[in-house]
Structures are given as structure tokens and as C-alpha cells.
Amino acid sequence: MEGVRVFAPNDWEGSGTDATSHAAEDLKKCLEGLARHLFGGVEMRWVDTYFPFTNPSFELEIYFQDQWMEVLGCGVTEQEILKRSGKTDNVAWAFGLGLERLAMVLFDIPDIRLFWSTDERFTSQFSSGRLGLKFKPFSKYPPCYKDMSFWISDSFTENNLCEVVRGIAGDLAEEVKLIDNFTNKKGMTSHCYRIAYRSMERSLTDEEINDLQWKVREQVENKLKVVLR
């Protein structure tokens, strides 16, 4: 689900803020209201991030099952996009919301990959029109964890890292999580990420996960311009 709102100069003139700040404030107010309407009185927070068509860009996270979960990405639309649409004096915001994220919260579903599963232990729990159900967990195959540390560059973003990992491992990549970071005396910052690999259908072997991990390391170094440690 996606949404866009375009503002004219008279919308922010007299507000005491510039156009970008006015749009960002309105965006957060609107989406916080949407989150409360959908999820009730949940704890939420905003995280600065990067998206190619908005600046500044944000992610809205809610506290779900004892951890923070991203539910949507948004931001103030890049002016170049508005100019190409003939709106040279306007400012806008935009957001994108994955409907799977809504279902995860409303039905207590812990893993987004389950939505693409054909396992009857999952699919048989739901049917059209039955909205009050909660997911009943079933046994899973064990995860395999691999850590990776590197010195980040100024252009590094966690979203790009996740795209690289999932581009190689696909649905076998269950989670990419920052577990440690520090900055040395030279001003260089190191991040350590833990990748959880898990199949919904079988046990994974060390050999295949090691092969995936080496491919991930190679692509991360080449595409994200980081220095592996």
C-alpha cells in the first residue's frame, strides 16, 4: 500500500518552518495516527534511513514480540521528481507499507517468509473473513548463524546490505542484525552483522551455508565499498 501527499506553498508559508520540515512533520503525524489506528497503543519509533526517491527518509518501527519491527518506509519526495511532474513550487511526502507487516502484527505471525510458504500447517490456519485468529507456531528447522565484520564507508546503509544478502541467499536469509559497532582513534567505524540462515522446509548443511556466506562477503565488499575484517 502506498500513499503520496503534495503541498502547495500556502500550506507551509506562515507555519514558521521550511517546506521540507513542514512535510516531514505532517508525514510523521499522519503515519503515527495510522499506526495507532491499526495496532492500538503500541510503542513506536522513527529511524533515519536512505531511500533513492526521498530525502530525508525514515522507517517507522513498532515494538512487536519483544523486538523492534519495521512496518513502513517513507520520506519527503526528492524535488527532481516533482519538477519532472511540472510541480516546481511544491513539496510532497510519500510512504510504502507492506501489507504482510500488518498481518504479522494482527495475527502474531513471527516470520514474514511464512506468507510464501505452502506448508499446510500454516495455510490451514487462515481463511477468508476470519480476522480474530492468532497464529499457532509449529516446529521449525534450526537456524545457522554467520557473523561478518567490516569497516563501513560514508555511503554504507543497512538497507543496501540486506538487499545484497537476500539477493544471494533469497528466502534462506531469515535475519540480518547489527550485533556490534565501534569507532577507532582514526575515525573509522566498524560494524559486525549476524546473518541467520534458515530454511522453512529442511535442515541446512554447513557446506551450503559456508558457500553462501563467502558469496555474500565477496558481494558486500565489491558492491558496498567496505573493507572486510
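The following dialogue explains how to read several features of a predicted protein model.

Q: Which conventions apply to this model?
A: Residues are numbered from 1 along each chain as its sequence is written, and side-chain values use heavy atoms, with hydrogens and water left out. As the model is predicted, local features need pLDDT of at least 70 and side-chain atom pairs count only at pLDDT 80 or more, while totals for chains, interfaces and linings use all residues.

Q: How many helices and strands are there in the protein?
A: Helices (H or I, at least four residues) and strands (E, at least two) are DSSP runs, numbered from the N terminus. Here the protein has seven helices and nine strands. Its C-alpha atoms fill a box of roughly 60 × 55 × 30 Å along the principal axes.

Q: Into which domains is the protein divided?
A: Domain bounds come from an automatic or database domain assignment. The division gives domain 1 (2-97) and domain 2 (144-228), and their C-alpha centres lie 29 Å apart.

Q: What is the order of the strands in the open sheet of five strands?
A: Strands of a sheet pair through backbone hydrogen bonds, either parallel or antiparallel. Two strands count as paired if DSSP finds at least two bridges between them. In this open sheet the order is β1-β5-β4-β3-β2, with antiparallel pairing. Strands β1 (2-7) and β2 (44-51) are the edges, each pairing on one side only. From one strand to the next, the twist averages 25 degrees.

Q: How many bridges join β2 to β3?
A: Seven bridges join these antiparallel strands, and a hairpin connects β2 to β3 through two residues. Asp-48 has Phe-58 in β3 as its bridge partner. Strand β3 (residues 54-64) also pairs in the antiparallel sense with β4 (residues 67-77), over nine bridges. There, Thr-54 has Thr-77 of β4 as its bridge partner.

Q: Which strands does helix α2 lie across?
A: Two terms are needed for this reading. Contact means heavy atoms within 4.5 Å. Axes are lines fitted to C-alpha atoms, for helices over the stretch in contact, and angles run from 0 to 180 degrees between N-to-C directions. Helix α2 (residues 19-39) lies across β1, β2, β3, β4 and β5 (91-97), and runs at about 30 degrees to β5. Helix α4 (residues 99-106) also packs on the sheet, where it touches β3, β4 and β5; its direction makes about 150 degrees with that of β4.

Q: Where is the cis peptide bond that involves Pro-56?
A: The bond from Asn-55 to Pro-56 is cis, with omega near 5 degrees. Pro-56 has its place in strand β3.

Q: How many aromatic pairs does a search of the whole structure find?
A: A pair of aromatic rings is described by the distance of the centres and the angle of the planes. Rings of Phe, Tyr and Trp (its six-membered ring) pair if their centres lie within 6.5 Å; planes under 30 degrees apart count as stacked, over 60 as edge-to-face and the rest as tilted. The search finds 11 aromatic pairs. One of them joins Phe-150 and Tyr-193, which are stacked at 5.8 Å centre to centre, with 15 degrees between the planes. Phe-150 lies in strand β6 (residues 144-151) and Tyr-193 in strand β8 (residues 189-197), so this pair ties together parts that are 43 residues apart in sequence. Elsewhere, ring pairs link Phe-107, Phe-115, Phe-122, Phe-126 and Phe-135 into a cluster.

Q: Are Phe-150 and Tyr-193 buried or exposed?
A: Buried means under 20% relative accessible area, exposed over 50%, and partly exposed in between (1.4 Å probe, protein chains only). Phe-150 is buried at 0% relative accessibility, and Tyr-193 is buried with a relative accessible area of 1%. In the protein, buried residues make up 38% of the 229 residues.

Q: Which ring does the charged end of Arg-229 sit over?
A: A charge sits over a ring if NZ of Lys or CZ of Arg is within 6 Å of the ring centre and within 35 degrees of the ring normal. Arg-229 has its charged end over the ring of Trp-151, 5.0 Å from the centre. Lys-28 lies over the face of Phe-58, at 4.3 Å from the ring centre.

Q: Where is Lys-225 found?
A: Lys-225 lies in the loop between α7 (206-224) and β9 (227-228). Its phi is near 55 degrees, a positive value in a residue other than glycine. At 59% relative accessibility, Lys-225 is exposed.
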